[in-house]
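Hi there,

Here is the structure I promised to pass on. Have a look at it first, and then read my notes below.

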Amino acid sequence: QQLAAAEARSEGVQQQLATAEAWTSALQQQLTDVNAKAEEAQQQLAAAEAQTSTLQQQLTDANAKSEEAQQQLAAAEARSEGVQQQLATAEAWTSALQQQLTDVNAKAEEAQQQL
């Protein structure tokens with residue numbers, strides 16, 4: 001009877017051991033899956049960091065180009081102001097010359113009439 005009881009207990013322990021081994025196997029598979037997902041996530045993170053770095057460099061370059069364009073615009077505006085001043089001066093001279101021409105023509109006509 002003791003032998004039969006011991007064998008029954010042994011069978012129960014073997015079943016528990018088989019169950020524990022099945023759980024262990026399942027947990028090991030889950031761990032493998034989690035590790036694979038973690039590795040994939042790590043690779044995605046590295047790719048995202050590389051992309052972020054690229055985008056930051058592009059932003060830096062764009063800001064530098066924007067600054068350069070602003071400086072060029074300011075220089076062009078300054079040149080435009082200078083050209084506008086020169087144009088105003090030329091228009092004043094043209095007006096003065098036209099007035100002189102009108103005066104000379106009037107005097108010439110007056111002289112013509114006196115002849």
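A residue counts as buried when its relative accessible area is under 20%, as exposed when that area is over 50%, and as partly exposed in between. By that cut-off, buried residues make up 0% of the 115 residues in the chain. Please keep in mind that this is a predicted model.

What is the fold made of? The chain has 1 helix and 0 strands. Its radius of gyration is 48 Å, well over the 13 Å that the globule rule gives for 115 residues, so the chain is more spread out than a compact globule. The box filled by the C-alpha atoms tells you about the outline too: along the principal axes it comes to roughly 165 × 20 × 10 Å.

Two residues make handy landmarks. Ala-8 is found in helix α1, which covers residues 2-114. With a relative accessible area of 47%, Ala-8 is partly exposed. From Ala-8 to Gln-44 there are 36 residues in sequence and 53 Å in space, C-alpha to C-alpha.

Gln-112 also lies in helix α1. Is Gln-112 buried or exposed? Its relative accessible area is 57%, so Gln-112 is exposed. Gln-112 and Gln-100 are separated by 12 residues in sequence, and their C-alpha atoms are 18 Å apart in space.

Best wishes

Definitions and conventions
Residues numbered from 1 in each chain as written. Predicted model: local features only at pLDDT ≥ 70, side-chain atom pairs only at ≥ 80, totals over all residues. Heavy atoms only, no water. Helix = DSSP H or I, 4+ residues; strand = E, 2+ residues; numbered from the N terminus. Rg over C-alpha atoms; globule rule 2.2 N^0.38 Å. Buried < 20%, exposed > 50% of the residue type's maximum accessible area, 1.4 Å probe, protein only.
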